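Please work through each task before reading its solution.

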Amino acid sequence: MRLPARLLPVLLLGAAPPPLATVPIGAFRTWGIHPGVPLSFVAGGLTVKVEATPCEVPAKNEGCSFNGISNQAIVSVSRPGLPPFHMTSDSQASFVRVAVVRLAAGRGHAGLVVDNQWGGSGGFTAVTLIEPSVSGFHAVPLQYRGSAALIGEVSVFSRSLSRDSQPGFVLEAPGFNFSGECNACTRGVPLVLTIRDGRSVDVSDDPAVRPLFAHDLPAHRRICVSNVKERNGSCAAFVADAARLGQAPSAWHVMLSHYRHEPAGYPAALRSFLVTWGYITPADARALPLA
C-alpha cells in the first residue's frame, strides 16, 4: 500500500499540537479547580502556562497530602525574543488566577498579573506583576504598607491612572473588622495599587479612581443605616468611601445616627482609624464630633 506523500510528515513527526486559546487583555483565567489539568493561553503577545508542581515526599502542600495532585502552581510566561520566566505560587494556595494586562507605553507592552489566594474568608491574597524588560521578565509583588499579604480578589482598573498610564490593581483595604465582627460580614473599601519604578504604590487617593468609591458607597450605607447587628464595619467603610469622595462630614453624621452603640467608644475609634489609614487628616478628624 502506498501512502499519499502529504501524510508522511504527519506519520513521521506526529500530529501537530492544537493551537493555544487566545484570550482578551485583562481577562482572568483560574487554575486549581482541577489542578491536574494545565492552563495555557496566549494574550497580548505573551504565552502563559499554569500547571501543578510535582508532588514531593513528604508532601509539602494539602493537594499532595490528600489526593496526590499538587495545588501549588508553576506559572510560566514567555514572549519571542526574551527568555521564559517561571514563578511558583504559595504552597497553601487555594487557587491561582492570571491575566495579561496592558502596561504603559515604553514598559514592554504587556505583563502578567498572578493572583494567589489562600486562607478562606479570613485569608490573604498575594499579587505579583510579571513585567518584561530588555533583558527578560522580572516579578514585582504588590505590597501595602510593607506587606504582601493583601485582601480580596484582585481586579484591574480599566481607566488609565493620570500620572503615567500604568494600570491600577483593585483589592480590598484592611482594618474594617470593627467590634470583632465576622470576616465574611465585614468587607473593606477599595484599595488601588500600581507599579512605579519597580515598586508598589498606593494610589487610592488619585482622583482618577474615585468612581470606584462612588460605586462602593451605597452598599455600605445601606447596611449601616439598617438594623443588622454586625453593621459597624459597614458604617466604617461607608465613612471611608465618603472620605475618598470629599464627603466625610455628611457621612459621619449619618453614621452617628445609626451605628450600634458599644462600651468601647466606636466613634473615637473610627475617627482614629480614618486618620491612621490616610482617609482623613488630623485636622479633618478634629472637626468630626463624637456624639
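**Exercise 1.** In this predicted model, determine which side chain of opposite charge is nearest to Asp241, and how far away it is.

*Solution.* Step 1: Asp241 is buried. Step 2: the nearest side chain of opposite charge belongs to Arg187, at 6.5 Å. Step 3: a salt bridge requires the charged atoms to be within 4 Å, and Asp241 has no salt bridge.

**Exercise 2.** Locate Asp241 in the fold and list its contacts beyond four places in sequence.

*Solution.* Step 1: Asp241 belongs to helix H4, which spans residues 232–244. Step 2: with neighbours within four places in sequence set aside, Asp241 touches Val189, Pro190, Phe213, Asp216, Leu217 and His220. Step 3: Phe213, Asp216, Leu217 and His220 are among the H3 residues that meet H4.

**Exercise 3.** Describe how H3 packs against H4.

*Solution.* Step 1: the axes of H3 (residues 210–224) and H4 are 8 Å apart, at an angle of about 150°. Step 2: angles over 145 degrees count as roughly antiparallel, and therefore H3 is roughly antiparallel to H4. Step 3: the crossing of H3 past H4 is left-handed.

**Exercise 4.** Carry out the corresponding analysis for H4 and H5.

*Solution.* Step 1: H5 covers residues 248–258, and its axis comes within 8 Å of that of H4, crossing at roughly 165°. Step 2: H4 and H5 are therefore roughly antiparallel. Step 3: H4 passes H5 in a right-handed crossing. Step 4: the H4 residues that meet H5 include Phe238 and Ala242; Trp252 and Met255 are among their counterparts in H5.

Note on methods:
Residues are numbered from 1 along each chain as its sequence is written. This is a predicted model: local features need pLDDT of at least 70, side-chain atom pairs count only at pLDDT 80 or more; totals for chains, interfaces and linings use all residues. Side-chain values use heavy atoms; hydrogens and water are left out. Helices (H or I, at least four residues) and strands (E, at least two) are DSSP runs, numbered from the N terminus. Buried means under 20% relative accessible area, exposed over 50%, partly exposed in between (1.4 Å probe, protein chains only). Lys and Arg count as positive and Asp and Glu as negative; His and the chain ends are not counted. Contact means heavy atoms within 4.5 Å. Axes are lines fitted to C-alpha atoms, for helices over the stretch in contact, and angles run from 0 to 180 degrees between N-to-C directions. Angles under 35 degrees count as roughly parallel, over 145 as roughly antiparallel, 65 to 115 as roughly perpendicular and the rest as oblique. A crossing is left-handed if the near helix is turned anticlockwise from the far one by less than a right angle, and right-handed if clockwise.
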